[in-house]
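Reader: Hi! I've got a structure to look at and I'm new to this. Could you walk me through it?
Author: Happy to, let's open it up.
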Amino acid sequence: MSTLFRDAPAGLPASLARRVLSQGRYEAAAMLRNGEQLVLMIVMPLLGLIALAVTPILDGMGNSRINIATPGILALCALSTAFTGQGIATGFDRRYGVLRFLSTTPLGKAGLIAGKVIAVLVALAIQVVIISTVAAFLGWRPSAAGVALGIPLLVLGAATFTALGLLIAGTVRPEATLAITNLGWILLAALGGIVLPAAKFSATMAGIVDWLPSGALGTLMRAALLQGRVDVFAIVILLAWAVAGSIAAIKWFKWT
Amino acid sequence: MTQTSPPAPDAALVISGLVKDVGPIAALDGRMKRIVSNISLQARFGEVTALLGANGAGKTTTIECAQGLQNRTGGSISLLGRDPDDADATLRARVGVMLQDGGLPPAARPVTLLRHVASLYSNPLSVDALVARLGIGEFSGTTIRRLSGGQKQRVALAASLLGNPEILFLDEPSAGLDPQSRLMVFELIRELRDAGKAIVLTTHLLDDAQRLADYVYIVNHGESVTEGTVPELLSQSTASQSHRVVTFEAAPGLDTAALVHDGVRCEETRPGSYRLGGALEPADLGRFGGWCAGQGIMPTSVHLASQSLEDVFLAIAASKEPLALKTETR
């Protein structure tokens with residue numbers, strides 16, 4: 001045993017791709033092993049989908065319940081995973097010094113963030129498969145063009161909410177992150193235009209909600225999957241949130 | 001007393017005149033607070049270098065600057081010949097870091113975490129060998145949040161060693177260690193030193209420094225105060241020849257004022273236990289006997305011992321005026 005260190009070669013980093021993928025796989029596994037996260041990521045969106053499919057909330061909006069509900073629920077998945085789930089995990093990693101420790105390994109700070117983005121995308125892919133399968137059983141039949149548009153828009157939404165989640169996790173205490181991201185999830189899911197089109201409530205409300213990242217992503221997903229088009233106003237709003245969120249996170253994120 | 005030697009060719013880490021400000025601090029009207037004002041040190045390969053100081057002396061800040069975790073305000077740092085502020089993956093792979101709080105995710109299991117950290121290196125040490133060496137196998141299936149402090153420290157140490165680093169930073173390595181873990185960790189540190197690694201440890205425990213360190217830097221209020229091998233520091237501390245300390249036990253609450261004079265201190269370390277230290281002269285033993293007679297007491301025990309690093313440290317800390325809070329506007 002005394003030769004454990006003496007005869008071994010000195011440390012060399014794994015390749016960048018391997019480091020980042022390894023971190024992504026590790027974080028995704030941690031996310032999927034966490035019961036609370038699974039409730040937030042899978043159970044809540046599924047309950048929302050079924051509730052919208054069996055109740056008349058979405059009736060009279062010019063399309064079947066399931067066709068209006070599914071794009072919004074997919075957008076909700078991005079909010080759950082990228083904003084709430086990832087934000088809470090990062091906030092506690094920061095508290096426990098995990099971010100500091102990993103940034104001293106060959107992974108580094110940039111690799112750590114890249115790994116988190118990969119984990120969010122892996123989790124989101126799993127959510128999309130589950131939600132889409134259940135929705136298909138409930139009669140959802142999206143057009144191929146709608147799906148082709150919807151996927152990159154959902155990824156853009158996930159990127160936006162990842163930046164916003166990191167911004168909160170990197171600037172306030174983890175307990176506050178927990179409160180803000182959970183409350184944000186409930187408010188945005190209920191009133192933020194992500195699941196229910198804001199026009200459903202009132203014109204005043206729609207005027208506010210259209211400027212939120214949640215409202216923009218909901219509108220984009222519905223326009224893509226129901227009409228096969230990109231809503232220009234909504235994509236400008238979402239891109240603005242993505243850029244502003246990323247700049248703010250880079251500027252203010254604290255590692256300790 | 002501080003003298004900075006020229007950089008040695010076998011130095012793994014050279015810090016010169018480190019300055020670190022934090023802030024702006026709202027309580028200081030938005031000014032910066034200077035927490036390290038002038039710290040210099042070198043760590044050589046094949047040596048344990050200890051950075052010793054009270055809590056808040058600037059030890060952790062200093063090594064975090066050396067690791068690139070914090071950006072310094074002034075001074076220079078050479079880590080394996082590179083600037084830690086520009087560390088890339090290649091440099092980070094050659095440096096091992098064990099943080100004061102471990103930095104381990106509470107929900108992870110030790111071996112799963114170690115395998116993940118190992119995957120970040122192209123040629124890691126065997127996880128199984130490290131697990132066996134540090135006795136991690138006995139709790140490998142337990143999540144980190146359920147481990148004892150000593151068990152967590154062992155996992156954090158293993159994680160810092162996976163890349164077989166050339167320089168290893170250990171921040172308060174014996175904090176929270178049970179005796180068994182402490183023995184295990186100390187043995188491993190000596191083994192790493194014998195394998196030619198540079199080991200930098202920070203500690204506020206004088207005993208750790210005395211047992212492990214080949215070379216000690218004492219820092220106080222963000223400044224290097226003195227440096228040397230343990231024997232050098234012991235001889236340097238007292239201008240007088242005697243590096244002795246008398247401990248005795250008697251009734252609690254005695255008035256020991258008569259024992260105190262230039263350079264000699266007496267304190268009641270716990271009720272009924274007294275410690276007479278400082279620049280003791282033979283006459284002080286006579287004075288002690290006279291004091292006992294005068295008080296009419298027969299101590300239950302009297303012990304005359306060599307001075308420890310703790311005496312050096314206390315003498316240095318006492319001789320330094322506490323620095324005024326140094327601030328400057330940004």
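Author: One term before we start: helices here are DSSP runs of H or I with at least four residues, and strands are runs of E with at least two, numbered from the N terminus. Also, keep in mind that this is a predicted model.
Reader: Okay! What pattern does chain A follow along the sequence?
Author: Reading along, chain A goes α-α-α-α-α-α-α-α-α-α. That gives ten helices and zero strands.
Reader: And how compact is chain A?
Author: Its radius of gyration is 20 Å, close to the 18 Å that the globule rule gives for 256 residues, so chain A is as compact as a globular protein of that length. Along the principal axes, the C-alpha trace of chain A spans about 75 × 35 × 30 Å.
Reader: How much of chain A is buried?
Author: Buried residues are 50% of the 256 in chain A.
Reader: Switching to chain B: where is Pro110(B)?
Author: Pro110(B) sits in helix H3 of chain B, which covers residues 110-118.
Reader: Is Pro110(B) buried or exposed?
Author: Buried, because Pro110(B) has 27 C-beta neighbours inside 10 Å, and the cut-off for buried is 20 or more.
Reader: Which residues is Pro110(B) in contact with, leaving aside neighbours within four places in sequence?
Author: Those are Ile136(B), Phe139(B), Ser140(B), Ile144(B) and Val155(B).
Reader: What about Ser301(B), what separates the C-alpha atoms of Pro110(B) and Ser301(B)?
Author: Those two C-alpha atoms are separated by 48 Å, and the residues are 191 apart along the chain.
Reader: Thanks, that helps!

Methods
Residues numbered from 1 in each chain as written. Chains lettered and ligands numbered in written order. Predicted model: local features only at pLDDT ≥ 70, side-chain atom pairs only at ≥ 80, totals over all residues. Rg over C-alpha atoms; globule rule 2.2 N^0.38 Å. Buried ≥ 20, exposed ≤ 12 C-beta atoms within 10 Å, placed from the backbone. Contact = placed C-beta atoms within 7 Å.
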